[in-house]
Structures are given as structure tokens and as C-alpha cells.
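Me: Got a structure here that I want to go through. Can you take my questions as they come?

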Amino acid sequence: MKVLFVSLGCDKNLVDSEHMLGDLIDHGYTICDDEAEADIIVVNTCSFIADAMEESIQNIIDMGTYKTEGNLKALIVTGCLAQRFTDEILADLPEVDAIIGTNSYDELLNTIDKVLENKGIKPVVKKDLVGLPRDGRRVLTTGGHFAYLKIAEGCNKRCTYCIIPYIRGDYRSVPMEQVIAEAKQLAADGVQELIVVAQETTVYGVDLYGKKSLPDLLHKLCEIDGIRWIRILYAYPEEITDELIDCMASEPKICHYIDMPIQHCNDDILKKMGRKTNKADIMAIASRLRQAMPDISLRTTLICGFPGETEEMHRELLDFIGDMKFDRLGAFAYSPEDGTVAAAWPNQVDEELKHRWVDEVMLAQKDICLSNNKTYVGLTIPTFIEGKLPEDGVFIGRTYRDTPSVDGFIFVNSDIELTSGQFVDVTVTSFDEYDLIGDVKL
């Protein structure tokens, strides 16, 4: 039978989808990309913020139309929306045939069998949010040259705006030997860049080994033949240790890049958010990273319009952005999520004002990116080729500064044909706000 997968939300969700795809192929299913041909459609949903929920719901509705317009026999909903809003999905989306929670992906095959055998019965599988789903084969959907390496599930932090711990559970590290085995298999399959992800990567191993073990894991990953780059995402600033910084600075395979979500800089807002840092801490951690690795690319994420935020606090944030000069920055409007502490607070910020503040943040960052990019003109940078724009005759690449899907590109002119997954040295000749332009150095 033919199965189509729709994977929404974060890269951690994508890893779950890739493991489910592996299970399906191992049991004789064919993966397809045509909704009209699919016998089974699985939608792996997100519900982090309101926009993500709306996207998930719309995808479920859209896929449901193929029960009359195509061959669809079973529509399965998995992921965070499924875990969080099971009853609402059953009541309001009759096209859904089964629901699988966030820690129950190993039940996908059994669930499909139940749906196909027992029409009218809608299985709901939601295991306790402890332990980890069993490991298995994985089918890469990222092109085969880079892959996300998920090292933990859940989160022990209880930020007042975040629903994730309630739908993903407490922090559970994947045993190191299992992570290494998966990374070795990815390398054997042609992966050259590992992107290390978790809800929070920096506390990896505390639950299993009694200490922050990310540096130990990274050293072992660096020993794997075939891996050229290792990139670290979702590193909470208060958990970044000198040992981790030393590891990043000393291991040639680790990109001088770190994604360090800070959410805001105002001390009162950070305290209300339940964050464990203040402005001075954030500045000190950034300084330590830059001292150890002067070429490091710092990425962060900000929330605009948290309850109680004032125009003065927003202006403080804009000044902070100007002072810190993050290489990469993303911002989104605060979304009051049912079940979180902050959603019930007074002094909620007007939606229009939130989005205006987001626009102002991104405009400020645009000028910083432009200024930063200018400094790369004339430099030669190792570049990971991802594809080609035939109509423009240029190749698309990424430097160590660029995480797939969230950061910029380097557009490469070359007289020789380049292939996806190839590393080449590129001399930067020009730039725009977010991207670089360069020529292959022959």
C-alpha cells in the first residue's frame, strides 16, 4: 500500500517522521508523494503556537478530501496536536481515523492495521510520556547529505509560555551508544553534516550519566569517518559550560555556530517567562563564546509581546539587538497557549502591537545582517553545496553560518559543475541582507 507523510513543525518532529517512514518501508509499504494516489496519509502535527496549530488543522482537513478525491483509506494524525487535543480532533475532524501521541510512534503499524481491519473504530494510542519510542530504521527526507540528530526528548524547564513539556514529557536523553550508532549509520549512508537537536541540547545526559554530557558526545561524534560538520542547535545560555565551549573551539568538525534561544533581554520579562538568565548573564555567555571562537556565528530567538511587556521594554530589546549584533536572529509574536501559566495573566499585549514589534525587531536585525555580511567580502569560505538554480546558472550553498531552512545561503558561480553534498571553497564577492554571493576558488 502507498503511504504519504506530511511532517509539520520543528526538525525534532521531522526526525520522528523519518523513523516512522523507516518502519513503514521495513514492513512493505511504499512511500509516495502524490496525495491522490496515497492509500494512507499520516500527518505529523505541531501545536507550539497558534499559527502552527492552524497549519496542522488545515493540513488534516486538506488531506481528508482525498477520501473522496483519491484512494485514501486511512488518515492518521500524530505529533503534538494529537497529544494535546485528542478529544477535540475526534469531535471536530471526522475525517481522522486514528490518533497517535508523541511517545507512541512505534504503534503506527499496529494502528494502521486496526483502522484498515475495523472500519468505524478510531484507535487512540497515547502512552505515558516516559521512556523513548523504540529505535529503528530511518528514512532521510533532507536530501541525504545532512541530517538532524535527535539526542533527547522532552524538557524539564517550565517556561511560563511553553506547552512543550506537557505534551512531550520530562527530559529523556537518548543513550550515548544509541546516538553514536545512529550517527555512524547516517555517515555510512552519505550524511556529511550532523545537526544536533533536542528541546534543549545542553543538558544532554544529566538524567543518564549524572552530568552534562554533550561535550563527551560531541567528541565521540567527531571521531566518525565521513562526517565533515557538526552543528549545535537549541543550546540554552545558562547551561553552556566552559567545557562545551572548549570542545567547540578545539574540535575542527564542530561548526563555530550555536543556536542560543534567549527570548528577551529585559530582566523582569525573563523572570516572568521562567527563564534562568538575565541580561548580564546573556552578554557574559556571548562574550565567552566570542572570545574562544572569534568567528562564531551566534543565532538566537526572541518573543515579542509577552504579557506585561511595555514599549520601554521593547525599546530596550531593540537597543540590546544593536549592541549584541547577533549573526542570525528570529522573532515571533507571543502566543497565549491554553494550559500555560502566562496565558491566564493580565496585561496581555494587543495582537497588532505584537506583530509591529516583531517587524521592528526583524528590521533592526536586517541592518545588522547586512553589516555583518559585508565583512565577508574577499574571504574564502568552505561551502556545502545543496543544489542549483538552473534558470540563474548559479549553485546554492551553505557556509558554517547557515542552518538549513532557517538561515541564509551563499549563491555560488562556478565554471565547473557542482553536485549536492560537495564541499568547495568559495570566495565571497558580494552580499545582500541575508545571503552571500561568491565564486568557486579553483
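Predicted model: local features only at pLDDT ≥ 70, side-chain atom pairs only at ≥ 80, totals over all residues.

Me: Which lining residues lie nearest its centre?
Reply: Asp51, Ala333, Ser335, Glu351 and His355. The lining of the second largest pocket has 13 residues.

Me: And which elements each supply at least two residues of that lining?
Reply: Helix 2 (50–64), strand 14 and helix 15 (351–374).

Me: OK, now the largest pocket. How much space lies in it?
Reply: About 1,200 Å³.

Me: How many residues line it, and which lie nearest the centre?
Reply: There are 45 lining residues. Nearest the centre of the largest pocket are Cys10, Lys12, Phe48, Tyr234 and Phe332.

Me: Which elements give two or more residues to that lining?
Reply: Three helical or strand stretches to start with: helix 1, strand 7 and strand 8 (152–153) are among them. Helix 7 (164–168) is on the list too. Then come strand 12 (254–259), strand 13 (297–304) and strand 14 (328–333).

Me: How does the lining of the largest pocket divide by residue class?
Reply: It has 24 nonpolar residues, eleven polar and ten charged.

Me: Are Lys12 and Asp11 buried or exposed?
Reply: Lys12 is buried, and Asp11 is buried as well.

Me: How many salt bridges are there in the whole structure?
Reply: The search finds 35.

Me: Which residue does Asp16 form a salt bridge with?
Reply: Lys150, with the closest N and O atoms 2.9 Å apart. That pair links distant parts of the chain. Asp16 is in helix 1 (residues 11–26) and Lys150 is in strand 7 (residues 146–150). They are 134 residues apart.

Me: Why does Asp16 count as buried?
Reply: Because its relative accessibility is 9%, and the cut-off for buried is under 20%. Lys150 is buried too, with a relative accessible area of 11%.

Me: What else does Lys150 form a salt bridge with?
Reply: Glu153. The closest N and O atoms in that pair are 3.0 Å apart. Glu153 is buried, at a relative accessible area of 7%.

Me: Which residues are linked in a network of salt bridges?
Reply: Lys157, Glu200, Lys212, Glu238 and Glu239 are linked in one.

Me: Switching to cavities. How many of 30 Å³ or more does the search find?
Reply: Three in the whole structure. The largest cavity has a volume of about 320 Å³.

Me: What lines the largest cavity?
Reply: It is lined by 19 residues. Asp16 comes up again here: with His19, Pro133, Arg134 and Asp135, it lies nearest the centre of the largest cavity.

Me: Which element gives the most to that lining?
Reply: Helix 1, with five residues. Helix 1, strand 8 and helix 8 (176–188) each supply at least two.

Me: How many nonpolar, polar and charged residues are in that lining?
Reply: Eight nonpolar, three polar and eight charged.

Me: Now sheets. What is the strand order in the open sheet?
Reply: Six strands, in the order 2-1-3-4-5-6. The pairing is parallel. The edge strands are strand 2 (30–31) and strand 6 (124–125), each of which pairs on one side only.

Me: Over how many bridges do strand 4 and strand 5 pair?
Reply: Three, in the parallel sense. Strand 4 covers residues 74–79 and strand 5 covers residues 98–100. Thr78 stands opposite Ile100 in strand 5.

Me: And how many bridges for strand 13 and strand 14?
Reply: Six, also in the parallel sense. Leu302 stands opposite Ala331 in strand 14.

Conventions. Residues numbered from 1 in each chain as written. Heavy atoms only, no water. Salt bridge = Lys/Arg side-chain N within 4 Å of Asp/Glu carboxyl O. Buried < 20%, exposed > 50% of the residue type's maximum accessible area, 1.4 Å probe, protein only. Helix = DSSP H or I, 4+ residues; strand = E, 2+ residues; numbered from the N terminus. 1 Å grid on protein atoms, 1.4 Å probe; cavity = no way out; pocket = protein on both sides within 12 Å on 5 of 7 lines; lining within 4 Å. Points joined across faces, edges and corners; volume = space filled by probe spheres on them. Nonpolar A, V, L, I, M, F, W, Y, C, P; charged D, E, K, R; others polar. Pairing = 2+ DSSP bridges.
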